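Morning, everyone. I have one structure to walk through, and I'll keep it short. Please have a look at it first.

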Amino acid sequence: MSESRILVVESDDARAGRIGALLDFLDFTPKRVGAVDELDLARVKPRDWLAIVVGGVDDLEDFRRFGGWLSKAALHPPLLLLPALHGLVDQLGVHPEQAWPLEWPPRQAQLDALLRRASLQALRGAESGERDGGPEGDSESVRRLRRLIAQVAPFDTTVLILGESGTGKEVAARAIHAASARSKGPFVALNCGAVPAELLESELFGHEKGAF
């Protein structure tokens, strides 16, 4: 059995059983709760799950609080939403780009593709050194970096982060975003080195139709 844990939030026993059986067949480890208030959020972290399958939600306000807790992470696991919730993404308190529609009854091919996508996303996050709490360590330089992040995050301003390749510039940028007033919005990383200089301005700020 895979150690990849999938959280299933479903109040209906029959639907939960069907989802759990399909996840077992795909070699994932489902953990089912009938409602999010069954979770002890002081003892778990968003990264504990590869993905969260959400079906029946009896208390939308409770789930909105859960969504707010998830959104404190720089990139929370994707929510695979069954049809009843497709039109409620804006009310769930999560990053909209991390809310992925799932059909009912669930098709094996679609669920497998979504979980592969979630696995790839988690792998990319691990490779980039992304962590919920930002830079880790207890050296004076790391403590100073955390103080700088806390100093600039509350302000609506541009922040220039300098450093050699691989030193954690994106980790610092994600930590600033997570601590800012824009934390509930998407964090968009762009590799400027991969964009030709003559196209950089239009890539960042757009261009008029027919300009090229």
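Start with L204. L204 belongs to helix 6, which covers residues 197-205. This is a predicted model, by the way. Is L204 buried, partly exposed or exposed? Its relative accessible area is 45%. Buried would need under 20%, and exposed would need over 50%. So L204 counts as partly exposed.

Together with L190 and F205, L204 makes up a nonpolar patch on the surface. The accessible area of L190, L204 and F205 together is about 330 Å².

Now the domains. The assignment for the protein chain gives domain 1 as 5-130 and domain 2 as 140-205. How far apart are the centres of domain 1 and domain 2? Taken over C-alpha atoms, 27 Å separate them.

Next, the aromatics. How many aromatic pairs does a search of the whole structure find? It finds three. Take F63 and F66. Their ring centres are 5.5 Å apart, with 65° between the planes. That pair is edge-to-face.

Then F66 and W69. Here the centres are 5.7 Å apart and the planes stand at 25°. Why is this pair called stacked? Because planes under 30 degrees apart count as stacked, and 25° falls under that cut-off.

Where do these rings sit? F63 and F66 both lie in helix 2, residues 60-70. They are three residues apart, about one turn of the helix. F66 and W69 are also three residues apart in helix 2, so about one helical turn separates them.

What about burial? F63 is buried, and F66 is buried too. F66 has a relative accessibility of 2%. W69 has a relative accessible area of 15%. The cut-off for buried is under 20%, so W69 is buried as well.

Ring pairs link W49, F63, F66 and W69 into a cluster.

Last topic: charges over rings. Which ring does the charged end of R117 sit over? The ring of W100, at 3.7 Å from its centre. Then there is R18. The charged end of R18 sits over the ring of W104, 5.6 Å from the ring centre.

To recap. On the surface, L190, L204 and F205 form a nonpolar patch. In helix 2, F63 and F66 are about one turn apart, and their pair is edge-to-face. F66 and W69 are stacked. R18 has its charged end over W104, and R117 has its charged end over W100. That's it from me.

Notes: Residues are numbered from 1 along each chain as its sequence is written. This is a predicted model: local features need pLDDT of at least 70, side-chain atom pairs count only at pLDDT 80 or more; totals for chains, interfaces and linings use all residues. Side-chain values use heavy atoms; hydrogens and water are left out. Rings of Phe, Tyr and Trp (its six-membered ring) pair if their centres lie within 6.5 Å; planes under 30 degrees apart count as stacked, over 60 as edge-to-face and the rest as tilted. Helices (H or I, at least four residues) and strands (E, at least two) are DSSP runs, numbered from the N terminus. Buried means under 20% relative accessible area, exposed over 50%, partly exposed in between (1.4 Å probe, protein chains only). A charge sits over a ring if NZ of Lys or CZ of Arg is within 6 Å of the ring centre and within 35 degrees of the ring normal. Patches are made of residues with over 30% relative accessible area and no salt bridge: like charges are joined within 9 Å, nonpolar side chains (Val, Leu, Ile, Met, Phe, Trp, Tyr) within 5 Å. Accessible areas come from the Shrake-Rupley method with a 1.4 Å probe; for residues, only the protein chains shown count as cover. A salt bridge is a side-chain nitrogen of Lys or Arg within 4 Å of a carboxyl oxygen of Asp or Glu. Domain bounds come from an automatic or database domain assignment.
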